[in-house]
Amino acid sequence: MSVITCKDVTKHYRSKKALNNLSFTIEGEKITGIIGRNGAGKTTILKILAGFLEATSGEVKIFDEKPFNNIMVSANSIYIDDQMTLPSSLTLAEILKTASNFYENWNTALADGLFNYFSLDPSQYHCNLSKGMKSTFNMILGLSSRCQLTIFDEPTTGMDAAVRKDFYRALLKDYIAYPRTILLSSHHLDEVEDLLEDVLLMKDGQLHLHIPISELKEYATSVKGKRTILEKWIRNKEVIHRSDLGAETTYAVVKNNSAVLLQLDNARHEGLDISPVNSSDLCVYLTSDTKGGIDDVFS
Amino acid sequence: MSSMVAFLNITIFIIILFLSFHLIKGNTAKPRKKIFKVKILHTILFSYVFLLLVGIILYAFIPSEKYEYMEFKENHESYQPNTSFDAIYEGMIDKNIKIGDKFTFNYTDDTLEVSANKDEEFSLTIVVEKKDTNDEVIELTNYLNTTIVDNIDFTETIPSVDAKISGNTLILQEPDTVEITISKLKKEFTISQFTSESHMDNIGHGFNGESLLYIKIPKDLELISSMNDIYIHYVNE
Amino acid sequence: MFLAKPTTVSVIKKQYKYKSKAYLDVYFSLVVLQVISILLSFAGANSMGVGTPTMNINITYFSVDIVIVFTMIWGFITAIQLTTKNYRNDDFSFVTNRVNSNISNGLFLLTASIIAGITAMLSTFLQKSVLYYIGGTNFIADMSLFDYAKQIIIGIGSGILYVLLFCALGYVVGTLVQLHKSFTFIIPASFFGILFIIESLGLYDLRTYLFEFLFSEPSFVIFTLKILSIVAVVFTCATLMSNKLEVR
């Protein structure tokens, strides 16, 4: 049984198309990163998976059931983001207690441990927390509920670097202790890439790539060198990104395939600088509308 | 119909509140700010409930002795307003009519002047009955018209006319106006809707709380009025 | 893979339990509103004066009608409040679906109506006690004070039903507004429109009938049935309408 199945999912907001025939399947217990630019439809698809929104067309199945208006899916999934509203009349301690009542897999020890570690005040109210504290608390909620489908949409908003690091560590440890399907959308792919097993790259409401992170790391190669030589070399190759660094030098990212890999030595020989592409950068290049990025505006 | 108007007013009020509520609150996802800590909230709620309970206990100790005004409810069915009072003009006096102060004077002269000592005015009705005999006795009786306002019988509170004889003059003194202020418990509409004796609500409002001075004079006595606006009604004339 | 399989009843129970605790704020506004209206009620509901040449009678009537009316308005507004985005989103931070969310809201509003109806009616004793002990007011009643206290039971019953009715109306109005913002204007406009049509066509019988259908129903049992059926219909409509409503 696959945890998530999406088939031709389309979502309209009034006239705007947020998702356009998005199809993918996630099977088994793994951490998948949802990566994409602002407005790529990450939040929309995650909310559809959580049952908050209903797809305009297409088929969405979580644990073989439609998530919209489904208590089974609701009980086995949790969606955490920085917009999360929690009852303003309950203290943080009471919210945790309420959540433990709702989620059967709730781990009180973990919740209390994290709560104390991040030195949150149990008598504090959620609406009075700072942005980072809110995100920290939401994260505790997300982890402790131990839902089969745990969705973190930009969970680190407002957190400082130390807390972010702690969070990723906590996420990984708890995932190992209690494996489940985790979806993690983040702007900082470089921070989370060590956690991820799969990457789901979205662009304009469509699926761009859905591959294991290891494959993403070997997905492309960057080439830097004299423009004339480089241009000759990249001919007939799939160029993902190209930008001029100086008067003479050009930087290009080329999609790897067997032909490219064979010609790497040859390129080095011609004085081109060959290096692997940072996956975070690669994602930016892959999802950019133009080959040259922001530079195109100025050329 | 007045309750209907009230209801419409309420509804309009609600809609105004509703609109303003939405203007203030909007439908934005702004987080609500916490005003009170739960403890303070609990304290407020429990204090209020406590206050209400104290109210019940105190209420139980309000002495429930009958008010000085008689309740009217029991006999109102048999009561025929005004007719019994009208009969007085014919000289027939219903036994049920309440009687106020009574005066009896011995008088031997043939004429008697009637006057009022209060600003030379007298607004009450005087009915005079000439007796069959010359017994030299003048009998004055204050008859009190049944006065019921909202089920409370005020008949016995109606003040009587005072009278005295000085020489050949019968001096009538109109009583001072009695002021009565009453607090009445009204059933809430949630109760009266199911227990209301709606016909009772309208009864009593039109009853005039007047007294009538009935004078029985010897057969041959002549009354002379010294005031213009005094009207003396003679029975059987 | 372990999957929790909650039943609808268990989810509703949990939601209800959570709401009873989280929505405690609404009782604060209830207390404030009732205290204000009790203060207003000290002025007397209305008074009547009758004058004759010999006697002036002035009767001031005391009741807590105004407290009950304010409580009904409170029910209306509270119900609207529950339908707003914030409250709905709160539900979905935990386990629920739309039907369960609506049912638990209904149960919460029922509880709130019961509490509000009881406190509104009981405020009559507080009012009378204050008037008697502090204001030195003597009361006359058509019945003994004890008989009046017995009738309070009926008052509480119908008070609860009236508050519940206004909760249901508020709930459906709030739901409509959530479906589309334009209802904020359409609802008052159509309300006044219908009133205007009734007035201009001279349909006074209809108006009287509509009014008397509830407010003049003399049988408590029939009144209860009428209110409960209206509430059930209105609530079902609200639930059906909001079943496709998206959250967050």
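## The second largest cavity

The second largest cavity has a volume of about 110 Å³. Its lining has 13 residues, and those closest to its centre are C:Arg88, C:Asn102, C:Tyr171, C:Ser242 and C:Leu245. A cavity here is a set of points, on a 1 Å grid over the protein atoms alone, where a 1.4 Å probe fits but cannot get out; lining residues have an atom within 4 Å of a point. Grid points are joined across faces, edges and corners, and the volume is the space filled by probe spheres set on the points.

This is a predicted model: local features need pLDDT of at least 70, side-chain atom pairs count only at pLDDT 80 or more, and totals for chains, interfaces and linings use all residues. Residues are numbered from 1 along each chain as its sequence is written, chains are lettered from A and ligands numbered from 1 in the order in which they are written, and side-chain values use heavy atoms, with hydrogens and water left out.

Which helix gives the most to this lining of the second largest cavity? α5(C) does, with four residues. In chain C, α3 (65-83), α4 (85-92), α5 (98-134) and α6 (145-179) each supply at least two. Helices (H or I, at least four residues) and strands (E, at least two) are DSSP runs, numbered from the N terminus. By class, the lining has four nonpolar, seven polar and two charged residues. Ala, Val, Leu, Ile, Met, Phe, Trp, Tyr, Cys and Pro count as nonpolar, Asp, Glu, Lys and Arg as charged, and the others, Gly among them, as polar.

## The largest cavity

The structure holds four cavities of 30 Å³ or more. About 140 Å³ of space lies in the largest. Of its 18 lining residues, A:Ala50, A:Phe52, A:Ser74, C:Phe92 and C:Phe94 are the closest to its centre. Strand β5 (residues 77-80) of chain A contributes the largest share of this lining, three residues. The lining of the largest cavity counts eight nonpolar, eight polar and two charged residues.

## Where chains A and C meet

The contact (heavy atoms within 4.5 Å) takes 37 residues from chain A and 34 residues from chain C. About 3300 Å² is buried between the two chains, and carbon and sulfur atoms give 56% of this area. Of what chain A buries against chain C, A:Phe52, A:Ile71 and A:Phe102 supply 22%, more than any other three residues. Buried area is the accessible area (1.4 Å probe) that two parts lose on being put together, summed over both.

A:Phe102 is also one of the buried residues of helix α3 (residues 92-102) of chain A; A:Leu92, A:Glu94, A:Ile95, A:Leu96, A:Thr98 and A:Ala99 are the others. Buried means under 20% relative accessible area, exposed over 50%, partly exposed in between (1.4 Å probe, protein chains only). The buried residues of α3(A) pack against α4 (108-117) and α5 (131-144) of chain A, together with α1 (8-22) of chain C.

## Chain C as a whole

Chain C has nine helices and three strands. Along the sequence the pattern is α-α-β-β-α-α-α-β-α-α-α-α. Its C-alpha atoms fill a box of roughly 90 × 50 × 30 Å, taken along the principal axes. Of the 248 residues in chain C, 58% are buried.

## A residue in chain B

B:Thr125 lies in strand β4 (residues 125-130) of chain B. B:Thr125 is buried, at a relative accessible area of 17%. Not counting residues up to four places away in sequence, B:Thr125 touches B:Tyr89, B:Glu210, B:Leu212 and B:Leu213.

Key:
On a 1 Å grid over the protein atoms alone, a cavity is a set of points where a 1.4 Å probe fits but cannot get out, and a pocket is an open set with protein on both sides within 12 Å along at least five of seven lines; lining residues have an atom within 4 Å of a point.
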